[in-house]
Amino acid sequence: MVKFSKQFQGQLVPEWKEAFVDYWQLKKDLKRMHVFNANNGPSNMKPQPGFARRLVSQLRKLPLFGPDRHKDHEAIQVHKKLTISESRGVMYETELLEEFADTDAAKDFFARLDLQLNKVNKFYSAKEKEFLERGESLKKQMEILLELQAALKNQRGRISSTNDAKDDSSISCSISCEEDSIRSTKVEEEQDQPQEILSSELERSPFGYSDSGDSEKVQLEEVKLRSLSARVFSCQGKNLKIKIPLTTPSRTFSALAYLFMEDFGGNQARKCGPHKLNINKTKLHHAEKMIKRAFIELYKGLNYLKSYRTLNMLAFVKILKKFDKVTGKEVLNIYLKVVESSYFNSSDMAMKLMDEVEELFAKHFADDDKRKAMKYLKPHQRTESHSVTFFIGLFTGCFIALFVGYCIMAHIAGMYTGQSDTIYMETVYPVLSMFSLLFLHVFLYGCNIFMWRKTRINHTFIFEFAPTKELKYRDVFLICATSMTVIVGVMFAHLSLVARGYSSTQVQAIPGFLLLMFLIVLFCPVNIIYKSSRYCFLRVISIVPFQVFISLSNPVSTCKFQVVMVDFFMADQLCSQVPMLRNMEYVACYYITGSYRTQDYGLCMRSKHYRDLAYAVSFLPYYWRAMQCARRWFDEGETSHLINLGKYVSAMLAAGAKVAYEKEKSAGWLALLVVISSAATVYQLYWDFVKDWGLLQLNSKNRWLRNELILRCKFVYYLSMALNFVLRLAWLQTVLHYNFASLDYRVTSFFLAALEVIRRGHWNFYRLENEHLNNAGKFRAVKTVPLPFHEVDQD
């Protein structure tokens, strides 16, 4: 049978851990009390009463003798105190009445127990209030959405029957021009009319900024672009604003194209008189999706609150039973009555709201099918199939066998040595190196998922992944094993043909076909081979460059992307994959230019554009990450983001010095490389340990570590810091030019690149651990979904 402490640890909400009953500390207090009783022995204990005295004691507890007589023989008495607090002004304090009232251990135990009860009540009251406010807001949002959907339906019916809608006020809408509203601010201030805002934000809500000192022309230009996402119109006597922030690249480019047509397309597009406005079905569809997602998150939060209530109640029951067992007193029934009547256990408003959410969701989003609604509100986790484990083992065995065979054949053919076939090393090896670095990174990501899950770090919530679609660690291992089996198999077949003397164009094109096959699988629109995960990866990796381009080149706030955790996490991974990107650049040039037909592998190297592009490929990942830091500084105003930006600028300078040194091979560039790389290494080590990992805290209760640790073994943190320090010094190989035995220098470069990938995978765990601890400190367990409709007063 599983101990309750382990069951409690496994079922509590990780982000709310500090708000749960501190069951482990209460057990320590009981243990100390037990040791105290054992040390004092039976000499200090009260002699056991006889049969007659025990009978009289039991009779006195009956209601016949009245509650006052029974109270005189109770071990404890719990008092309520009215205070100004969030838990309805009620605080609990226990008074010890019998002989163990003078025992410090008992006093400490009940003082801590009261503290835990008050803490639970306060937290439950605050969260319940938060969820109730969300529920009320969602009900209003749903009412507005239903009215607009009805108006859309009436509008379509009216348009289909007649083109004249002048006399129908239910569909009569007119646009008011924001351009004119700036020039007539004083006139608008005199008119106090209610205003409702329809904000159909998709997945990110950008932070805007304004400058009161801008000129009227700049304001007009900003309003023009903002008006693409915010149209003010009157409908049924109300002023409504339809606002769709430009949070995706396609929307932003569409907005810029619209502005171009508006400025140069003629006077008709610039007129601001009132005219007919059709209610946009797409906007309403996005608003409906947002409200649906908000209902799901609200229900998840209420479910967490229900679990919080149940687990804490069980914790109080268990610890009171242990107290009765240790002391021989009967306080369980007395204190448990107080716990049962306390706010967190007696309030039923959250449970009623859960029932309302189920009914509303089933009615409006599931066609009155409650079973279908519960699939969205409480989705079941995918069961881990044994077939996945079987295929992981199968493909891993195949990969090992093929890899050993490939190494033996490469050794016989004299590949990967200083006297190896130059053509093979220049043309085929970059493909194998590129795929190896990529899937090594993916494999380490699978290891991270395993460790995050084991330590209960909610990476799904931090990355904002869909819980039912995100990859499990077994899925990641299967992808790695299968992909590397195919890659090594194709490389083994290709090397066999080359060793036999085949050098035709078809044979040399085999690595290119392998790359093409993987690209086809990656972009395949058919729902096979983890389509949702593939498209999530493509979406995130495509947003990283656009965040920089649009955020900094356009000063209009509505065109900016919000940089979230998954975005800069992906940009960090790209910073460790610069060698892979360089190989990808060369392979693309080799096959696109058709050099594989003529075996002219030096064609790309001789091209000035290729050499210039090598600098760009080395710079871009660091540049993207630095600009993300700049963007976050613009949004949040924290100077720490500027300091983080300096770290990536130093890495960018070090990468540039390395590329220049590899090109020039001069003593001047070598000295510059050593100076810049050394400064960048110190900068990066400080940021790794202090900021990203949250370690090296001087005043921490854990020496040189932070106060809160996920891993129990502290030695692991010290070992990780030492390992990170060593892996950060891998750039010294560029200076020392040390080669392993007679291996080709490209193989040595591959090992160094693999060490950087390993360092990044090692960094990922501690980075998310720190993020999890910071998130848990704010008690965020569910997402706050932005709502589409907002009522504001018109100034």
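A salt bridge is a side-chain nitrogen of Lys or Arg within 4 Å of a carboxyl oxygen of Asp or Glu. By this rule, the count comes to 23 salt bridges. The model is a predicted one, and every value in this report is computed from it.

## The chain as a whole

The secondary structure of the protein chain comes to 32 helices and 7 strands. The chain has 795 residues, of which 45% count as buried. Among its contacts with a separation of 6 or more, 75% are between residues 24 or more positions apart.

## Salt bridges

Side chains of opposite charge can pair when their charged atoms come close.

| Pair | N to O distance |
|---|---|
| E130 and K127 | 3.3 Å |
| R767 and D692 | 3.6 Å |
| E756 and R759 | 3.0 Å |

E130 is partly exposed, with a relative accessible area of 27%. K127, by contrast, is buried, with a relative accessible area of 10%.

The salt bridge between R767 and D692 links distant parts of the chain: R767 is in helix 32 (residues 745-777) and D692 is in helix 29 (residues 667-692), 75 residues apart. R767 counts as buried at 12% relative accessibility, and D692 counts as buried at 7%.

Two packed helices are described by the angle between their axes and the distance between the axes.

In the packing of helix 17 (residues 429-454) with helix 21 (residues 510-523), the angle is about 30° and the axes are 10 Å apart. Helix 17 is therefore roughly parallel to helix 21, because angles under 35 degrees count as roughly parallel. On the side of helix 17, the residues that meet helix 21 are V431, M434, F435 and F439, and their counterparts are P511, L514, L515 and F518. Which classes of residue make up this contact: nonpolar, polar or charged? The contact of helix 17 with helix 21 has 8 nonpolar residues, no polar and no charged ones.

Helix 17 also packs against helix 32, at an angle of about 20° and with the axes 9 Å apart. These two helices are therefore roughly parallel to each other, and helix 17 passes helix 32 in a right-handed crossing. Residues of helix 17 in this contact include Y429, S433, L437, H441, N448 and W452, while those of helix 32 include R746, F750, A754, R760, N764 and L768. By class, the contact of helix 17 with helix 32 has 14 nonpolar, 6 polar and 2 charged residues.

## The loop between helix 21 and helix 22

The loop that lies between helix 21 and helix 22 (531-553) contains I529. Y530 and C524 also have their places in this loop.

Most residues other than glycine have a negative phi. Y530 is partly exposed, with a relative accessible area of 28%.

C524, in contrast, counts as buried, at 16% relative accessibility. With residues up to four places away in sequence left out, C524 touches R534 and Y535. C524 and Y535 are 11 residues apart along the chain, and their C-alpha atoms are separated by 9.3 Å.

Conventions: Residues are numbered from 1 along each chain as its sequence is written. This is a predicted model: local features need pLDDT of at least 70, side-chain atom pairs count only at pLDDT 80 or more; totals for chains, interfaces and linings use all residues. Side-chain values use heavy atoms; hydrogens and water are left out. Axes are lines fitted to C-alpha atoms, for helices over the stretch in contact, and angles run from 0 to 180 degrees between N-to-C directions. Helices (H or I, at least four residues) and strands (E, at least two) are DSSP runs, numbered from the N terminus. Angles under 35 degrees count as roughly parallel, over 145 as roughly antiparallel, 65 to 115 as roughly perpendicular and the rest as oblique. Contact means heavy atoms within 4.5 Å. Ala, Val, Leu, Ile, Met, Phe, Trp, Tyr, Cys and Pro count as nonpolar, Asp, Glu, Lys and Arg as charged, and the others, Gly among them, as polar. Buried means under 20% relative accessible area, exposed over 50%, partly exposed in between (1.4 Å probe, protein chains only). A crossing is left-handed if the near helix is turned anticlockwise from the far one by less than a right angle, and right-handed if clockwise.
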